[in-house]
Structure formats: structure tokens, C-alpha cells
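I'll talk through a metal site and then some helix packing.

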Amino acid sequence: MVEIAFNHATVRERADMLEFLDLCAERGVQYVSIWGQEIDKVGEDVALRRMRELGLRTLGYHRIGPFTDKGLSEAQRELERAARFGADHVYLFTGGGLEQSHIAGERARVEQAAADLLPAARALGLKLAIEPLHPMLAGDRSVFSTLAQANAICDRLGAGTGVVIDAHHVWWDPELDQEISRAGAADRILGFHVNDWQIPTRDLVRDRGMIGDGVIDLASMAHAVRDAGFQGPVEVEIFSDKWWNEDPGVVMDIAMSRCHDVFDAI
Ligand code: ZN
């Protein structure tokens, strides 16, 4: 059976971090991805204690960024907190940043900032995760849109960097399979986020589909990720007004059932 992890964002509107952790433990989920802003709401000491009591482990920590002066000045603090939570990787959230420069310049600036952060991340045993986001988000959320870009950055920056493959963001890419293989060959796949792309998609950030409700060939993508050597869990990450309005436990149960339907045979 497939191992399933949950990103807190999937149920964050109706379950605070402590409730989320309890819901995971009740379902036998061992790995979670967490958010600094949600830790702040319940208190770091309380959140850490609950994680330890429940025996849960952190995959991804959100996040460093946006890559403004303010976001970067907080980066060291975010890295240290991610390390306290035992995270495997920390997300770089570039933001758009296009008010002051064009996209090529912004990509170069962000990559240099990531390079500058890397020694601190390495010292804390954390990997910096580059998660390409859908190109329609390039203006305001991420200047990195393809897995090829993410792989190229990791090639340049070296050890301590990796990629997260999010189905919603990269499913359309004709070079996806070869770039998944490339990432696997370099042993840099840090995560595989599952969700779906709905037609129509009414909002680019808040209308992701439940696994199986859209048009993504998730089974093929999962095969590619497995064939590339990734052994980690599939991570459910759904930002959706529709699902945020539902009971969090029900949403998680539906997601787990769908994951078993799609991924158990892979
Ligand atoms: Zn994601």
C-alpha cells in the first residue's frame, strides 16, 4: 500500500495545527508538512510537544520567502525553526518580485539568494526545496515554473538542494518524464505532491482538485517518480475553497481513499 503524507494546507481553514496532527495520528499517518504561520497560531512549544507525543515526523517546512529584503532577513530564523521540527526540507517561496525587475533578473537574484542561504541550511542538516509552480503563477508566486529550471538550479547549487514535484503545477509539461528521471538520477526528489487539475479551474491558487476529480494522469506520474527512485510518501496537498469548507477528517478520509485507488498498485 502507498504511504500517504498530509500537508496541513489541505485542511488548515478548519483544523489548526494541533487538530491536524491529531487527525493524522488517528489515521496512521506518520509524515506531515507544516507551516510556520500555523505554528505561530498554536505556539511552537505546544506544537513540538504534540508532534513528539504523536510520533509524527516532518517532511517539508513552509517556508523561506517571499524573497524580499524582509523575507530574507527572516530566513535564518525559519531555517532554525525547521530544524527544531526535524524537517527534511524547507521550501523556497520566491514570490514574483517583478515590481522592480524583469523576470530574468529576478530569477538570477533569487538563485543567488538561495546560494547564499545554502551553507546555513547545510549546517542545520536541511535541504532547500525548489518546487516549480504553474507558469500562470510566475507573476506573483514563483519565478520558477518548470522542473527543468529546478533541476538546472540544483545542478548549479549542488548538495543540499532538491526538487518537489507537485502534480497540479507540472502536469502539463511535455518534458516532465525526462526531468523526473533527471531529478531521480541526481537523487534530488524531495517530495511528490498529489492533487488534481480541474476543468474549469476557477482560481489558480484556491481551486485545486481532489485526487481523481481532474484530468491529471496521476498513475503515470507516480510511476515516473517511483521509477526515478523516489521512495517517499505521496503527499496530499490541496488548496481549495470547496474542500476547506468540508469537515477536515472527512476530507482526509476521502483523500486517503483516492490515494489508495490510484497509487496502491504502483
Ligand atoms: Zn506543492
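Predicted model: local features only at pLDDT ≥ 70, side-chain atom pairs only at ≥ 80, totals over all residues.

So, the zinc site is irregular, with angles of 84 to 168 degrees among its 4 donor atoms. Numbering runs from 1 along each chain as its sequence is written, and side-chain values use heavy atoms, leaving out hydrogens and water.

Who holds the zinc? Glu131 (OE), Asp166 (OD), His193 (ND1) and Glu237 (OE) do, at 2.0 to 2.1 Å. Donors here are N, O and S atoms within 2.8 Å of the metal (3.2 Å for Na, K and Ca), and with no water among the atoms, a site may look incomplete. Along the chain the spacing reads E-x34-D-x26-H-x43-E. His193 and Glu237 are both buried, meaning under 20% relative accessible area with a 1.4 Å probe, protein chains only.

Now the helices, which are DSSP runs (H or I, at least four residues) numbered from the N terminus. The axes of α7 (residues 147-157) and α9 (residues 176-185) come within 9 Å and cross at roughly 25 degrees; axes are lines fitted to C-alpha atoms over the stretch in contact, and angles run from 0 to 180 degrees between N-to-C directions. So α7 and α9 are roughly parallel, a label for angles under 35 degrees. For α1 (residues 17-26) and α3 (residues 44-54), the angle is about 5 degrees, with axes 10 Å apart.

Notes:
Tetrahedral: all angles 85-135°; square planar, octahedral: opposite > 155°, others 65-115°. Buried < 20%, exposed > 50% of the residue type's maximum accessible area, 1.4 Å probe, protein only. Helix = DSSP H or I, 4+ residues; strand = E, 2+ residues; numbered from the N terminus. Parallel < 35°, antiparallel > 145°, perpendicular 65-115°, else oblique.
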